[in-house]
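Here's a quick tour of a structure for anyone new to reading them. Take a look at the sequence and the 3D view first, then work through the notes below.

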Amino acid sequence: MNYINEMTLTFDSHSINEGFARSAVAAFCVQLNPTLDEITDIKTAVSEAVTNCVVHAYPKSVGKITVWVGLTKTREIDIKVMDNGVGIPDFEKAREPFYTTKPNEERAGMGFTVMESFMDNVNLSRNENGGVIVEMTKSLERRRAVMVGGEND
Amino acid sequence: MQVNSKVYMDTLYLQISGELDEHTAHYARSAMDSQLDAGEYKQVVVDLSGLEFMDSTGIGVLIGRYKKMKQKNTPIYISNPSAQADKIFKMTALYDVMPKIN
């Protein structure tokens, strides 16, 4: 895939960084001139993925979370949220609506369902250390793109 | 994240504003619970007009309050959700247990 612009952020798995991550991703995506609804969808999906890392990947420690975003000329946004945490034993189970491994903590078990509903595509894989890679894509509706330098228009 | 409350005609209104996520959920739970425990109400209305962001963590928080108040047979209603919150509530069938009112 040819990206016209990419960014990578790595930060500690403190819950306060959930707001930072979703706002940073949203700010980066603004250059593709998305609708407010599209930006809200992206913020929500990123928040879900980063929250999973904070709560599940590093349950008893603080680890690193990396968020990568790539923008294409055809107005597609690709996002990867990656951790080096404890991993997810069963991806299928994790994606089931209302499934949670922490039923005593008032958790809805809807994180992946929300990601799937708000993005076009959500894919789960493992890295070489067993950490999780959540890959999500969203195609923005056809609007005139605004980008510094005008190189994509 | 802020939780404000007022009581009018035996109804407790909880106004939630700011961003509700994993980071603010703990505060939201205890702030809502201290108001819910402060008196006896006929019903509770959770007003989300000031809520700027919510992810599915918010569902867990709301369902927790629903379960708590169900023991007292006190119904909880949702009012003024944003389009984004509305989408999450419909997806999770939250309105089945906490109906939306105007």
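**Helix α2 of chain B and its neighbours**

The buried residues of α2(B) pack against α2 (36-57) of chain A, and also against β2, α1, β3, β4 (76-79) and α3 (83-91) of chain B. Keep in mind that this is a predicted model. The points below start with the helices, then go through the sheet, the contact between the chains and the nonpolar core.

**The helices of chain B**

- Helix α2(B) runs over residues 57-70, which makes 14 residues. From first C-alpha to last, α2(B) reaches 20 Å, close to the 20 Å expected at 1.5 Å a residue.
- Which residues of α2(B) are buried? They are B:T57, B:G58, B:I59, B:G60, B:V61, B:L62 and B:R65.
- Helix α1(B) has 15 residues and should span 21 Å at 1.5 Å a residue; its end C-alpha atoms are 21 Å apart, so the two agree.
- The buried residues in α1(B) are B:E22, B:H23, B:T24, B:A25, B:A28 and B:M32. Their cover includes α1 (16-29) and α2 of chain A, along with β1, β2 and α2 of chain B.
- A handy bit of background: an α-helix has 3.6 residues a turn, so residues three or four places apart point the same way.

**The sheet of chain B**

- Five strands form an open sheet in the order β1-β2-β3-β4-β5 (chain B), with mixed pairing. The edge strands are β1 and β5 (100-101) of chain B, and each of them pairs on one side only.
- Strands β1 (residues 2-8) and β2 (residues 11-20) of chain B pair in the antiparallel sense over seven bridges. For example, B:V3 has B:I16 in β2(B) as its bridge partner.
- Two residues sit between the strands in the hairpin of β1(B) and β2(B), and there B:M9 takes a positive phi near 50°.
- β2(B) pairs with strand β3 (residues 43-54) of chain B too, in the parallel sense over nine bridges. Here B:L20 has B:M54 in β3(B) as its bridge partner.
- β2(B), helix α1 (residues 22-36) of chain B and β3(B) make a right-handed β-α-β unit.
- β3(B) and β4(B) pair in the parallel sense over four bridges, and B:V45 stands opposite B:Y77 in β4(B).

**A proline in a loop**

- Where is B:P75? Look in the loop between α2 and β4 of chain B.
- B:P75 counts as partly exposed because 16 other C-beta atoms lie within 10 Å.
- B:P75 and B:K42 are 33 residues apart along the chain, yet their C-alpha atoms are separated by 7.6 Å.

**Where the chains meet**

- The contact takes 17 residues from chain B and 20 residues from chain A.
- On the side of chain B that touches chain A, α1, α2 and α3 of chain B each supply at least two residues. α2(B) gives the most to that side, with six residues.
- By class, that side of chain B has six nonpolar, seven polar and four charged residues.

**The nonpolar core**

- The largest nonpolar core has 60 residues, and those with the most contacts inside it are A:A45, A:V46, A:V81 and A:M115. α2(A) gives the most to this core, with nine residues.
- What does A:A45 touch, leaving out residues up to four places away in sequence? A:A45 touches A:V114, A:M115, A:F118, A:M119 and A:M136.

Terms used. Residues are numbered from 1 along each chain as its sequence is written. Chains are lettered from A and ligands numbered from 1 in the order in which they are written. This is a predicted model: local features need pLDDT of at least 70, side-chain atom pairs count only at pLDDT 80 or more; totals for chains, interfaces and linings use all residues. Two strands pair if DSSP finds at least two bridges between them. A crossover is right-handed if, with the strands pointing away from the viewer, the path from the first strand over the helix to the second runs clockwise. The expected span of a helix is 1.5 Å times one less than its number of residues. A residue is buried if 20 or more other C-beta atoms lie within 10 Å of its own, exposed if 12 or fewer, and partly exposed in between; C-beta atoms are placed from the backbone. Two residues are in contact if their C-beta atoms, placed from the backbone, lie within 7 Å. Ala, Val, Leu, Ile, Met, Phe, Trp, Tyr, Cys and Pro count as nonpolar, Asp, Glu, Lys and Arg as charged, and the others, Gly among them, as polar. A nonpolar core is a set of buried Ala, Val, Leu, Ile, Met, Phe, Trp, Tyr and Cys residues joined through C-beta atoms within 7 Å.
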